[in-house]
Amino acid sequence: MTPVVHRARSTVLGMLLVGLVATPALGEERFALLIGANLGWSKDRPLLHAEAEVERVRDVLVALGGFPADRVELLQEPDAATVRARLRHLARTLRALGGTSVVLVHYVGHADERHLHLRGAPLSREELQETLRALPATHRLGVIDAGGSSAVLTVRSDLPAPGFEAELSVEGSRFTSRWLEGLRGPADLDHDGVVTLSEAHGYAAGWRPASESVPLTWPARAPALPSPSERDGGPEAEEDRERGRQEALRLLAEGEVDAALSLLEGLLAAKPDDASALRMRARAWVRLSEAHAREGATRRERQALRAALEADPSLAEDPDFAPQHQRLQELEAAEQRDEEIRGAAERESQDNPRRGHRWGVGLDAVGTRGALALVGTVIVQERWFLHLSVEPFGPGTDLGFRWVPLGWRWSPTFGMGGHVPFSQLGLGSRTEPVPDEDGWVDVKDPALIQRELRRGYLHLDVGVQYFTSWKPALACELGLGLRLFHRPSIRSVGILPALDLGCGLYF
């Protein structure tokens, strides 16, 4: 038969129809593997009814299609590894039985041109194609009902039998719903009481089949199908949970992430191991992480991504989630580095010999604070040494600070301060420049420089401090300072270096 390809305007649905022969015996062995997945990958908009649709496929196949209930396996939100395992099990079963057989693999969920969007290591269309080809069945039928998919799986049957491949679309509806409608009877175009494969797919796609095909259902011979409410009957609590899950799916699909999370938290509080609710919560956290990323809130982005992975560890194998997974690893590595730095700083603080000391007294032999200056110090947060000193031979007073950045016994120090002679405070006599006999002032005269220095100056200091672990502790400092002072004789600023050397006791 020449392949028939039908194209319509809306969502494209891929199907694979393989090895079809006319009117097989009713006693042939029939198996079905039905897969429904509402959530898809992390960037997919959740579907509302994929899992419910495969349940309806099961009901139709059992009630009208001659498929034994124990040979129709339903997988809802499985991972790809589970699908692979069940296909291998199906192959072993078929080999053991032998004889004529029909196998239907029906998937409803998200897919693209290359992969079905299931959790775990991606399952490609090509892999599914090869797996179906390898099944030891007489007739093999694969249906992929996935909105947004434009590819068609193509497998050539090893049997010398007619067949067709079709790329189908149903305007305004999903393929599976229309297909099921046809299997219930409307697709029986020749009114012989049998809906064949060709009739069912022709009905779903809106075109008339060109030939006979494998019978799928016998509507006239079967009892009425149970209504959804009858099929889903059960404890009221479980019905409430299912309604809650459907509502959470709807909220996720509409972008109401906070509302969906609130509802899912309630469901998980009642049943923490609800796998479906956990996966939906993971998708909700992924959406929140995207919002935090747009806001530049990296900490909340990291927390949301981590929460998503904890709710659904299979996201680590989701190709759509791969960039965010890498982003999470980068954020967590940065957080770990920050934590190590904070830990080192905390340990350093615990080991800091300055810890617990609050004040001290000391003597500067020489330095910017004066010669033989008495120094009183207050320690703030272990690193800031605020001082007030008195130079008896200047005479003057000095106010400033030293910053000690490291928590070790040896640490560099950086400081600054201001020195004010008592004469500037009205506590002593002022000195003025004395001109020579010709009325000139020698601006390089050391005595003049010292007189100008006694008007007051600012100083900048850098050095090293050694702090013992004794109680009281002995600390000594050695460094270099620069004194900056006004020189009225040259109407400029003078700079004079000084050696800093001093020790003190701290309590």
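Let me start with alanine 32, which touches Leu61, Phe67, Arg71, Val72, Glu73 and Leu104, leaving aside residues up to four places away in sequence; a contact here means heavy atoms within 4.5 Å. Before I go on, please keep in mind that this is a predicted model, in which local features need pLDDT of at least 70 and side-chain atom pairs count only at pLDDT 80 or more, while totals for chains, interfaces and linings use all residues. Residues are numbered from 1 along each chain as its sequence is written, and side-chain values use heavy atoms, with hydrogens and water left out.

Ala32 is also one of the residues with the most contacts inside the largest nonpolar core, together with Leu34, Leu61, Leu104, Trp179 and Leu183, and that core has 25 residues. By nonpolar core I mean a set of buried Ala, Val, Leu, Ile, Met, Phe, Trp, Tyr and Cys residues joined through side-chain atoms within 4.5 Å, where buried is under 20% relative accessible area, exposed is over 50%, and partly exposed is in between, with a 1.4 Å probe and protein chains only. At least two residues of this core come from each of β2 (29-36), α1 (50-64), β4 (101-108), β7 (139-145), α4 (175-183) and α5 (197-205), and the largest share, six residues, comes from α1. The element names follow DSSP runs numbered from the N terminus, with helices being H or I of at least four residues and strands being E of at least two. Apart from this core lies another, of 24 residues, among them Leu87, Ala91, Leu132 and Ala146. As background, nonpolar side chains tend to be buried together in soluble globular proteins.

Staying with this part of the chain, I would point to β7, where seven of its seven residues are buried. His139, Leu141, Val143 and Asp145 point one way from the strand, whereas Arg140, Gly142 and Ile144 point the other way. Strand β7 pairs with β4 in the parallel sense over seven bridges, pairing being called when DSSP finds at least two bridges between two strands, and within that pair histidine 106 stands opposite valine 143.

Now to the barrel. Eight strands close into a barrel in the order β11-β12-β13-β14-β15-β16-β17-β18, with antiparallel pairing, and the twist averages 25 degrees from one strand to the next. These angles are taken between N-to-C directions, from 0 to 180 degrees, with axes as lines fitted to C-alpha atoms, for helices over the stretch in contact.

The structure holds one disulfide, defined as a pair of cysteine sulfur atoms within 2.5 Å, and the disulfide joins cysteine 476 to cysteine 503 with an S to S distance of 2.2 Å. Cysteine 476 lies in β17 (residues 473-487) and cysteine 503 in β18 (residues 492-506), so the pair ties together parts that are 27 residues apart in sequence. The torsion about the S-S bond is about 110 degrees, and the disulfide is therefore right-handed. Cysteine 476 is partly exposed at a relative accessible area of 27%, and cysteine 503 is partly exposed at 34%.

A few backbone details deserve a careful look, given that most residues other than glycine have a negative phi, and most peptide bonds are trans. A cis peptide bond joins lysine 471 and proline 472, with omega about -5 degrees, and proline 472 lies in the loop between β16 (457-467) and β17. In the loop between β12 (373-380) and β13 (384-391) sits glutamine 381, whose phi is positive, near 55 degrees. Glutamate 382, found in that loop between β12 and β13, has a positive phi near 70 degrees. Are these two buried or exposed? Glutamine 381 is exposed, with a relative accessible area of 64%, while glutamate 382 is buried, at 12%.

To finish with the chain as a whole, there are twelve helices and 18 strands, and 46% of the 507 residues count as buried.
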